[in-house]
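Morning, everyone. Let me put the next model on the screen, and then I'll walk through its contacts.

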Amino acid sequence: MSSSYVFLLCIVFVGGLFMAQLHYRTFGSDSLGAAGAGNVPPVNRHYSSGPEALAPRIVKLSSSAPLPLVNVPAAEGAHEKKLRERAAQNAKLAEFHPLEQVKGMSSCLFIMDDTIRLLEWLPYHYTVLPLEYLIVGIDPHSQNVPRLLQVLDLWKKNTAVTMNITIWDDDQLYLKDVPYDKAWKRKYWLDKDHRVMNPFHNNKTTLEYKSQEHKRRQNIFTAACFKEHHLAGRDWVMNLDTDEFLIPNYYDNADEKEQANASSFLIHYAKTEEGMKRDRQEALDIREHLPPLTQRMTISELLQQAQMDRCLKIPALNFTAEYRVPSSTGAAADHDSPPPFRLSTLSQTRTGPKEGRTTKVLLDVSRAQLNYLVWEKVVNVHNPNKRMCGWNGVIGSGTDYISSVFRYHHYVAGTLESYLERSKDYRRRESSKELLEHYFARTFESEEKQENTDIFPWIDWFEAKVGKEAVKELLYDPLAKRYADMQTELRSKLSPLDLAQVEAQLRLK
């Protein structure tokens, strides 16, 4: 017997088994023996509700009638059941209330020379989260590490605050055990200066090389940091930068009419229209009851009372560099004249559209297995764990804004002083003309001129929490000194005409 004949017989045999199994799943075992005879009716396994469901429904057919298509409803899976129960629970949430015990939250922060932004970022998140555990990775390209350490020491030594700060100022703490970077599909190694090297670049001064080097180090730090928080028994961890501030995503129907059409998100975020509507309704049940910051309820309290996924994609609400200096900004001013510095959260109020194209995450590492928290699972800082957060678009960033319970305010350019601090950022330029061009390029025009001041109450809340003296020591005094230093540097780099141009173009009356 030829091999081809044997092969043909195997194909016929396997095909017969497949058809028999298909027939069995469709009509049941009762019909297998006489399916071809035409005198034994098939059994419909779709049972109706009620007492009659105890017996199968018999369908009499003529021999010439086609067999009916049987619609057997799929059983509800464990994941679908969990989603339904969670949505029902959140729908019952009439209002949030203060808790006697508030869990502290955690953060991973990778930083380069952002002293001005850090001085604002720390008190805000200490108050609103509250931030209790912070791991800081210092970029080795930083030009003034002692200045950053001074700011962190203020928080370590001040008795009015309780924040556990761990500093990783040596990148060997998280790079030493990484032999191969699968996330970027290329091998790399560490040179004598412990930098992540990229072998396909001959010219290591190119922007592409510096960008790849920075992003890889950032990815590996993020994975190591999440793992450290997990091993310490913590739960919710965020990974926002110093120009990003987490806040509840308050619902405003008028502002969100522009997002009523979900079609632009369906393909990009792999959601069906039905799934989008379900997610939006579930989020709405929570968002409608979110208390404003004036009620001083922390994000941790909100997370403890609402049922959430273990990975929350947080959309950005971008703010332009246009600013105003009001005569009074609560505790941040002396009510006679503005302070000798500007807080981005209190002076920059014009926003871009609510579109959710850029995201970061809140990750509950207590619900992760240890082998999830590895650098192989990092897509980028926007999706730091593809195992827990799933697929998130081709660039690993983006979500539906309306379906999000939280958002973060992104002060894209910040003040000119804070922008100038990061002089060794690989995206910066050396000449004053290039510096200003790049700064203005980071400031987008707010055509619709939307204003948002939801974040303003945080400063009064911070003062109530730690006292006026601590606010002065942790925020006002070091920030005023840093602005004074940067004013001197600005005058050395930019002409009076350049500085006048900045104020004329960005200051709002």
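I'll take aromatic pairs, then charges over rings, then strands, then disulfides.

Ground rules. This is a predicted model, where local features need pLDDT of at least 70, side-chain atom pairs count only at pLDDT 80 or more, and totals for chains, interfaces and linings use all residues. Residues are numbered from 1 along each chain as its sequence is written, and side-chain values use heavy atoms, with hydrogens and water left out.

Aromatics. Rings of Phe, Tyr and Trp (its six-membered ring) pair if their centres lie within 6.5 Å; planes under 30 degrees apart are stacked, over 60 edge-to-face, the rest tilted. Searching the whole structure gives nine aromatic pairs. Take Tyr124 and Trp458: centres 5.6 Å apart, planes at 80°, so edge-to-face. Tyr124 sits in helix H3 (residues 115-128) and Trp458 in helix H14 (residues 458-466), 334 residues apart. Helices here are DSSP runs of H or I, at least four residues; strands are runs of E, at least two; both are numbered from the N terminus.

Are these two buried or exposed? Tyr124 is buried at 0% relative accessibility, and Trp458 is buried, also with 0%. Buried means under 20% relative accessible area, exposed over 50%, partly exposed in between, with a 1.4 Å probe and protein chains only.

Now charges over rings. The test: NZ of Lys or CZ of Arg within 6 Å of the ring centre and within 35 degrees of the ring normal. Lys465 lies over the face of Tyr126, 4.2 Å from the ring centre. The charged end of Arg234 sits over Tyr133, 4.0 Å from the centre of that ring.

Tyr133 takes us to the strands. Its bridge partner in S5 is Asn164. Strand S4 (residues 131-138) pairs with S5 in the parallel sense, over five bridges; pairing requires at least two DSSP bridges.

Last, disulfides: two cysteine sulfur atoms within 2.5 Å. That rule gives two. In Cys108–Cys225 the sulfurs are 2.0 Å apart. The S-S torsion is about -95°, so this disulfide is left-handed. Cys108 lies in strand S3 (residues 105-111) and Cys225 in helix H6, so the pair ties together parts 117 residues apart in sequence.

Cys311 and Cys389 also bond, at 2.0 Å. Here the torsion is about 95°, so the disulfide is right-handed. Cys311 is in strand S8 (residues 311-319), Cys389 in helix H11 (residues 386-389), 78 residues apart. Both are buried.
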